[in-house]
Amino acid sequence: MSLYTPGRRRAILLLLLSSLLILTIDLRGNALLDGIRSGYNQAMRPFESAAEVVARPVRNAWRGITRYDDLEAENQRLREQIQAMQANDIVARASIAQYYELLAYFELESPGSYDRVVAYVVGQTPSNLDQVIEINKGTNDGIREGMAVISPNGVVGKVTDASSDRSRVMLITDTRYAVQVKVVRPEPVTTTTTTTTTLPGATPASVLDTTTSTTVATVPGATTTVAPTTTLPDPQRETGELAGRGPGESPEVIFVADTPGFGLPEVGDIVSTSGGSLSLAPADLPIGRVVEVRQGSPAQGLIVVVEPYANLDDLEFVQVILYTPERESGTNTTSTQPD
Amino acid sequence: MFASLVQGPLPRLVLVGIMLVALQETLFIDLRPAAVTIQVVLALAAAAGAAAGPQKGALAGFVLGMMYDLRAGSPLGSSSLSMGLGGFVAGYSLSITVDPQWWLAMIFTGIGAAVGETMVPVVRSFIGEEGHFTPRLFTVIPVVTVAAMILSPLFVPLGRWCMRVKKVDWTKVKAP
């Protein structure tokens with residue numbers, strides 16, 4: 001049996017060239033291929049539903065075997081977290097109320113002022129390279145490509161593909177992900193035992209004055225709160241571009257701007273979106289905290305390794321922020337562009 | 001032309017491919033030994049090559065890769081290239097033997113799957129994506145290879161059926 005007859009060689013060459021041709025057309029963007037992809041995904045739904053039914057018992061058995069210890073440890077960790085969070089709850093509520101008062105007073109926008117769509121994670125990419133999940137909301141709910149996706153802890157990623165009732169979300173750990181960020185230095189502010197009474201009709205300006213020295217609990221009535229040491233973000237900051245590095249690797253901030261007034265970023269600094277007129281993510285969405293700072297090559301400059309706040313391995317529900325900057329309204333962006 | 005299309009391997013391949021892509025998207029995103037997703041679609045492409053030779057292996061890889069790309073959202077054609085090469089290499093390995101035993105077909109399938117999975121970051125690099133060559137590949141490729149080898153006793157006959165290849169019974173072949 002000859003493996004290399006001219007006919008066979010031609011057939012294999014044809015397949016190779018066809019793949020390259022389709023790849024080139026797809027990368028340049030083609031409405032026909034997008035339509036085929038969308039139709040194929042719709043056609044696959046019933047098969048995936050059937051496969052889901054078959055897979056569920058197997059999956060549960062597998063999870064029971066492989067994740068029992070993890071679940072026990074996670075359960076314990078969550079109990080401890082709840083206790084710690086309950087201690088901070090009162091102070092946090094007061095700070096949030098005060099924050100929104102100030103935002104309203106100065107007519108500023110905040111991440112909380114944008115509409116959001118809560119979505120359920122229905123799948124993830126089968127690839128070992130990509131970090132993409134699929135959610136059960138799409139353009140029917142106002143979702144557009146490029147919109148930021150968050151979890152209760154912080155930024156998860158961005159929408160890269162939206163059909164009528166499904167969307168794909170590229171996680172911040174994907175190597176194609178990039179977003180403009182700022183690195184903010186939190187400075188510890190020692191709080192004292194405070195007694196604050198919010199009088200009806202008190203102006204926000206008077207509240208502003210008090211924040212310079214203490215954290216104020218604006219609980220109605222005479223309330224005494226013993227507050228733990230907390231931190232407030234300092235306005236000084238560095239800016240750069242956060243880029244994913246693939247599964248199991250923490251994202252990095254590159255192209256860090258050199259701002260002498262700020263000094264070098266340090267472990268523990270907070271990384272959040274920087275926003276801007278071109279950014280598809282509004283400002284001040286928390287992403288994570290700095291866990292390592294190292295000097296790259298002269299071309300790279302400083303590299304800041306970030307530990308995301310969001311647990312990307314165990315996402316069930318996410319929120320899509322329906323934010324579109326004015327300059328981007330009505331236009332689409334490619335998935336590889338920083339947003 | 002239509003008859004040759006219907007009587008060719010394509011309908012069976014597409015049918016089996018749809019089911020495997022559905023399983024890949026549901027069951028196998030959770031069954032992740034060592035945090036690696038087992039690539040069942042690639043395993044079938046390699047098994048088809050090990051069962052039917054390089055040309056049909058490349059064809060199976062091309063079709064299955066296209067179906068995979070359409071669903072996974074990866075650049076269309078990138079998996080066709082990697083799976084096509086995986087199927088081709090698995091089929092090319094057949095040249096060392098006339099009638100491979102099951103364990104030999106298992107090895108050929110593993111080789112094809114390893115080559116296919118290795119080609120994924122290579123192809124992605126060619127189209128401008130960066131950061132795929134990480135030490136994690138040293139975990140991903142062996143796991144995908146071993147999984148394909150384990151699945152091969154099931155997938156080689158399935159690949160043979162898909163590609164409409166009959167297993168030769170050498171005991172019934174008459175001498176010229």
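Which helix of chain B holds Arg71(B)? Keep that question in mind while reading the points below. The model is predicted.

1. Arg71(B). This residue is found in helix 4 of chain B. Leaving out residues up to four places away in sequence, Arg71(B) touches Tyr40(A), Asn41(A) and Met44(A) in chain A, and Val21(B) and Glu25(B) in chain B. Take Glu25(B). It is 46 residues from Arg71(B) in sequence, yet the two C-alpha atoms are 8.5 Å apart in space.

2. Helix 4 of chain B. The helix covers residues 54-72. Of its 19 residues, 19 are buried, so helix 4 of chain B is largely enclosed by the rest of the structure. Its length also checks out. At 1.5 Å a residue, the 19 residues should span 27 Å, and the end C-alpha atoms are 26 Å apart, which agrees. After the helix comes Gly73(B), with a positive phi near 80°.

3. The side of chain B that touches chain A. Here 46 residues of chain B are in contact with 43 residues of chain A. Which helices of chain B each supply at least two residues of this side? They are helix 2 (10-26), helix 4 (54-72), helix 5 (78-92) and helix 6 (102-126). By type, the residues on this side of chain B are 25 nonpolar, 14 polar and 7 charged.

4. Helix 3 against helix 5 in chain B. Helix 3 spans residues 40-52. It packs on helix 5 of chain B at an angle of about 30°, and the two axes are 7 Å apart. That angle makes helix 3 of chain B roughly parallel to helix 5 of chain B, since angles under 35 degrees count as such. The crossing of the two helices is right-handed.

5. Residues at that contact. From helix 3 of chain B come Leu42(B), Ala45(B), Ala46(B), Ala48(B), Gly49(B), Ala50(B) and Ala52(B). They meet Met83(B), Gly86(B), Gly87(B), Phe88(B), Ala90(B) and Gly91(B) of helix 5 of chain B. The residues of this contact divide into 9 nonpolar and 4 polar, with no charged.

6. Chain A. What does chain A contain in the way of helices and strands? It has 4 helices and 14 strands. The chain has 339 residues, and 30% of them count as buried. Among contacts in chain A with a separation of 6 or more, 66% link residues 24 or more positions apart.

Notes. Residues numbered from 1 in each chain as written. Chains lettered and ligands numbered in written order. Predicted model: local features only at pLDDT ≥ 70, side-chain atom pairs only at ≥ 80, totals over all residues. Contact = placed C-beta atoms within 7 Å. Nonpolar A, V, L, I, M, F, W, Y, C, P; charged D, E, K, R; others polar. Expected span 1.5 Å × (residues − 1). Buried ≥ 20, exposed ≤ 12 C-beta atoms within 10 Å, placed from the backbone. Axes fitted to C-alpha atoms, helices over the stretch in contact; angles between N-to-C directions. Parallel < 35°, antiparallel > 145°, perpendicular 65-115°, else oblique. Left-handed = near helix turned anticlockwise from the far one by under 90°.
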